[in-house]
Amino acid sequence: MALAQREQILDDTGRLSEATAGDFLSLLKPRVMSLVIFTAFVGQILAPGSLNPILAFIATLCIAVGAGAAGALNMWYDADIDAVMSRTQKRPVPDGRVTAKEALAFGLTLSAFSVATLGLMANWLAGGLLAFTIFFYAVIYTMWLKRSTPQNIVIGGAAGALPPVVGWAATSGAVSLESIVLFLIIFLWTPPHFWALALFKTGDYERAGVPMMPNVAGEASTKRQIFIYSILVAVSGILPTALGFASIYYGAFAAALGLGFIWYAWRVLVVADETMKPAKSLFGFSVLYLFAIFAALLVEAIVTRIGA
Amino acid sequence: MDDKNDRIRPTEAQLKARRSRNVALALALVAFVVLVYFGSIFKLGPAVFNRPF
């Protein structure tokens, strides 16, 4: 074997990989993906019009894979940050199981396939919106905002809020006020959700040099902002009823959940606790809140259809 | 140099990982073909047979 060839094999680019299929799967951030699948599915079901169940399934799958691809691109770019944060240092790239180049190629390939398939199988508005979502998360949030401003997750939250809009567009071929309300619910929910996490992971973000709100504006300011956002979250939750596309029962349920959200945020604001227990409780409740709001909208849409 | 002894021998872990990647890639490819096949039929409906001879 020629020396040059041998050197190429021993070089990192030609190394024999020990990455399993599971490592590549974890590049897709399956836990984030599950919320994306759920909210996109709710958007699809709520939208007017009907999509063949097989095509609807393919559309959901494309949105999930597109979101996963954005996650892989994020892990490619953020490997340096992930390596110094306790929550992320076991991810495949910082752990050395998958190279950064492999993660990049994986992310780009899945992005292209998911967007093209969604465009062909549903419509190109949905395909375009999915492409924009991936671009927004990978380029605007990951490459630009995350390292430069404490408003990173406020603006970047748009990427996580878009899946129900993509789902809605896949079914109806349009973007309407209702889908923007779904967007708004997740968009306003993102800051209190991530700032609650940042409050009890401040050291991690500080070590990594990520300008999260607690280590830039301080704990007190972050807690105040969390409380203000929690009020906006509660209001956005009842918008579907206020705008007439959900029943009063949904409205009452959402209002109760919203009050719960404000209560947890209030505890974060007033209870001084070194262990950050109130912030952990708010973080846990915020996941439950979003799931419950979308589940309620889904159940109501299904019940309405069965009754019609 | 003896070419036979110069080859890189994958370790058991590398072989196992490669097999896992290969199986996953094969399954993904088959799934994609099935999705495109049925997706095309349901998207185009009877028009799937309308093509110039």
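## Where the parts meet

Across the interface of domain 1 and domain 2 of chain A, the rule finds six residue pairs in polar contact, both residues at pLDDT 80 or more. A polar contact here is a pair of N or O atoms within 3.5 Å; within protein, one must be able to donate a hydrogen and the other to accept it, and residues adjacent in sequence count only if both atoms are side-chain atoms. Helix H3 (30-46), helix H5 (79-84), helix H7 (124-148), helix H8 (152-161) and helix H9 (163-172) of chain A each supply at least two residues of the domain 1 side that touches domain 2. Helices are DSSP runs of H or I with at least four residues, strands are runs of E with at least two, and both are numbered from the N terminus.

Before going on, please note that this is a predicted model, in which local features need pLDDT of at least 70, side-chain atom pairs count only at pLDDT 80 or more, and totals for chains, interfaces and linings use all residues. Residues are numbered from 1 along each chain as its sequence is written, chains are lettered from A and ligands numbered from 1 in the order in which they are written, and side-chain values use heavy atoms, with hydrogens and water left out.

Let us look at the two domains themselves. Domain 1 of chain A covers 23-173 and domain 2 covers 176-308, with bounds from an automatic or database domain assignment. Their C-alpha centres lie 21 Å apart. Contact (heavy atoms within 4.5 Å) takes in 33 residues from domain 1 of chain A and 32 residues from domain 2 of chain A. Together they bury about 2800 Å², and carbon and sulfur atoms give 76% of this. Buried area is the accessible area (1.4 Å probe) that two parts lose on being put together, summed over both.

What about salt bridges? The rule asks for a side-chain nitrogen of Lys or Arg within 4 Å of a carboxyl oxygen of Asp or Glu. One such pair is A:Asp23 with A:Arg97, whose closest N and O atoms are 2.8 Å apart. A:Asp23 lies in helix H2 (residues 21-27) and A:Arg97 in the loop between H5 and helix H6 (100-121) of chain A, so the pair ties together parts that are 74 residues apart in sequence.

Now turn to chain B. In this chain, 19 residues are in contact with 22 residues of chain A. B:Ile8, B:Arg21 and B:Leu35 supply 30% of the area that chain B buries against chain A, more than any other three residues.
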